[in-house]
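Please look over the sequence and the model shown here. The report that follows walks through selected features, one element at a time.

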Amino acid sequence: MATSAAPASPRRPATRRFRFDKPVAFLVLALPLLWLAGRTLSVGGLSLGPNPVEALLHGLGSWGLRLLLITLCVRPAAVLLRQPRLMRLRRMVGLWAFSYLVLHFTTWLVLDRELDFGSIVPDIAKRPFITVGFTAFLLLIPLAVTSTDRWMRRLGRRWHTLHRAIYVAALLGCLHFLWLVKADWREPAIYLALYAVLMGWRWQKRPSRASRPAAAAAVSVRAVQPDS
Amino acid sequence: MRKRTDPSRPRPSEITPAARYYNRREIVAGLLAAGLVGSNWPDAHAAPGTLKFTRNTELSLKEKPNSFEDITTYNNFYEFGTEKSDPAERSGRFRPKPWTVTVSGEAEKTGTFAVDDLLRPHALEERIYRLRCVEAWSMVVPWVGLPLGDLLKRFQPTSRAKYVAFKTVMRPAEMPGQRFPVLDWPYVEGLRIDEAMHPLTLFVVGIYGRELPNQNGAPLRLVVPWKYGFKGIKSIVGIHFTERMPPTSWNLSAPREYGFYANVNPAVDHPRWSQASERRIGASLFAAKQPTLPFNGYAEQVGALYRGMDLRKFY
């Protein structure tokens with residue numbers, strides 16, 4: 001049952017002891033960005049190499065896609081490892097993925113395409129790898145906006161329906177990468193395989209027809225207890 | 001991090017800055033004049049790995065060449081891996097000596113030749129060309145080599161030699177990229193005979209006055225300055241004269257994207273990206289791209305080779 005993945009821990013009084021999981025996760029997720037920032041600013045002899053725009057663009061894009069897939073790993077991991085507390089971290093992973101992708105898109109727009117909208121707009125329309133990448137990015141914007149507790153409460157069960165858009169965005173992200181490479185499809189193939197496994201797990205865990213109303217009810221209950 | 005130190009690769013500290021390199025004669029002359037070195041000072045050309053050559057300024061660009069570091073660390077040489085840094089990091093085990101080249105097909109003098117025998121009758125020259133990659137970046141490289149046509153004539157191609165095909169060495173033990181069929185190894189390329197005989201087409205043995213580093217295609221590679229970089233086949237072991245247009249690796253891999261001719265053409269886009277402009281390697285993060293020139297700037301010299309051809313069809 002999908003509902004078994006819910007952060008089912010009962011509401012506790014205000015936590016008495018400090019939990020390290022969120023700050024540690026935050027720092028770990030920031031590491032690739034710090035590494036890229038260090039290379040961009042030539043900290044301690046680091047550099048982006050002979051083609052800095054490409055290094056930055058691909059670095060941000062790769063990490064955005066990886067974190068998007070890691071976001072999809074959180075629920076299976078929480079269920080399979082019986083660690084429901086992992087779910088507390090999912091929003092942070094998703095928002096970091098989005099942050100990397102905002103920077104990726106901005107780098108593309110400003111540094112790679114030099115804000116030349118006369119060529120950017122036709123490129124989005126006529127180059128399939130750009131079309132799917134741009135679509136994935138657009139799909140993620142409402143998810144980032146509605147990631148707050150307030151929006152979760154306001155949307156109720158519709159929040160979960162809306163956030164399934166990440167399934168589409170992650171697939172488009174993988175295709176964006178696959179269609180970009182010239183001949184070496186191995187890394188995008190790994191991401192696509194991981195995506196297939198993660199979606200297969202969800203398909204197998206989907207609520208059966210009979211239990212669906214109950215599951216939906218459980219979901220809406222969960223929605224008003226965000227992040228407990 | 002996968003970062004292997006390649007003993008054959010000079011450390012950045014060992015690389016002569018380009019400015020000093022180009023002033024070396026003046027520097028030596030200054031030292032001589034000052035009496036700081038005797039006239040028995042060994043000629044710089046006698047140092048290991050350095051080449052004896054003359055500079056062909058007439059056929060050289062006026063642009064400032066990229067640094068030795070840029071040219072030797074940002075490479076597309078899929079035999080060593082598909083990352084730009086792979087060739088520099090993973091070519092340490094490659095042995096470019098001894099080396100032979102097999103010449104076959106429609107020519108009077110065919111056979112297998114040691115590289116020294118191939119090169120001995122020729123004077124080497126340096127030419128500064130811009131290398132325009134099909135991926136829309138470019139770098140400026142001081143190549144050392146000889147006109148390919150001068151070499152090919154020695155094999156006395158017959159009237160049936162309409163094309164020349166080239167083949168890269170196949171050594172999966174030394175070229176880790178060849179252990180996975182990213183392309184259908186070995187890499188093959190080809191030119192029409194008039195393209196091969198064109199005085200701009202260079203058979204290259206060095207950069208910056210030294211023998212080619214492994215990652216740049218040691219010991220012998222092709223440079224065709226008006227074509228995309230992938231025509232410049234590296235580590236050549238086979239030259240074959242033929243009547244038919246030979247297969248070429250990237251064309252076999254993606255025929256819609258890479259043609260046989262692969263002439264630099266800002267008006268014909270790659271299906272996935274524009275070829276109208278190019279990014280200069282080694283420029284800063286905020287440097288603007290520069291416009292790509294038809295035939296990479298050699299339209300005047302080579303345009304006649306393609307007169308009457310539809311360059312959208314024969315890309």
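## A bent helix in chain A

Helix H1 of chain A bends by about 40° at A:Leu31, and a proline, A:Pro32, follows within four residues. This is a predicted model. H1(A) covers residues 21-40, which makes 20 residues. From its first C-alpha to its last, H1(A) reaches 29 Å, close to the 28 Å expected at 1.5 Å a residue. After H1(A) comes A:Ser42, and its phi is positive, near 55°.

An α-helix has 3.6 residues a turn, so residues three or four places apart point the same way.

## The rest of chain A

What kinds of elements does chain A contain, helices or strands? Chain A has ten helices and zero strands. Read from the N terminus, its elements run α-α-α-α-α-α-α-α-α-α. Chain A has 228 residues, and 28% of them count as buried. Now take the contacts in chain A with a separation of 6 or more: 69% of them come from residues 24 or more positions apart.

## Strand S5 of chain B

Turn to chain B. Strand S5(B) spans residues 137-147. Ten of its eleven residues are buried, so S5(B) is largely enclosed by the rest of the structure. S5(B) pairs with strands S4(B), S8(B) and S12(B). The table sets out these pairings.

| Partner of S5(B) | Partner residues | Sense | Bridges |
|---|---|---|---|
| S4(B) | 125-132 | antiparallel | eight |
| S8(B) | 202-207 | antiparallel | five |
| S12(B) | 277-280 | parallel | two |

Each pairing can be located by a pair of residues. Toward S8(B), B:Leu146 has B:Phe203 as its bridge partner. Toward S12(B), B:Trp137 stands opposite B:Arg279.

S4(B) and S5(B) also form a hairpin, with four residues between them. In the turn, B:Ala136 has a positive phi of about 70°.

## One residue of S4

B:Tyr129 is found in strand S4 of chain B. Is B:Tyr129 buried or exposed? B:Tyr129 has 26 C-beta neighbours inside 10 Å, so it counts as buried. Beyond its neighbours within four places in sequence, B:Tyr129 is in contact with B:Leu61, B:Val141, B:Trp143, B:Val223 and B:Pro225. Now compare B:Tyr129 with B:Glu89. These two are 40 residues apart in sequence, and their C-alpha atoms are 25 Å apart in space.

## The nonpolar cores

The largest nonpolar core has 64 residues. Which residues have the most contacts inside it? They are B:Trp143, B:Val164, B:Phe166, B:Val204 and B:Leu222. S5(B) gives the largest share of this core, six residues.

Leaving aside neighbours within four places in sequence, B:Phe166 is in contact with residues including B:Val188, B:Leu222, B:Ile233 and B:Ile239. B:Glu189, B:Gly190, B:Ile236 and B:Gly238 are also among its contacts.

## Where the chains meet

The contact between the two chains takes 13 residues from chain A and 18 residues from chain B. By class, the side of chain A that touches chain B has six nonpolar, four polar and three charged residues.

Note on methods
Residues are numbered from 1 along each chain as its sequence is written. Chains are lettered from A and ligands numbered from 1 in the order in which they are written. This is a predicted model: local features need pLDDT of at least 70, side-chain atom pairs count only at pLDDT 80 or more; totals for chains, interfaces and linings use all residues. The expected span of a helix is 1.5 Å times one less than its number of residues. The bend at a residue is the angle between axes fitted to the seven residues ending there and the seven starting there. A residue is buried if 20 or more other C-beta atoms lie within 10 Å of its own, exposed if 12 or fewer, and partly exposed in between; C-beta atoms are placed from the backbone. Two strands pair if DSSP finds at least two bridges between them. A nonpolar core is a set of buried Ala, Val, Leu, Ile, Met, Phe, Trp, Tyr and Cys residues joined through C-beta atoms within 7 Å. Two residues are in contact if their C-beta atoms, placed from the backbone, lie within 7 Å. Ala, Val, Leu, Ile, Met, Phe, Trp, Tyr, Cys and Pro count as nonpolar, Asp, Glu, Lys and Arg as charged, and the others, Gly among them, as polar.
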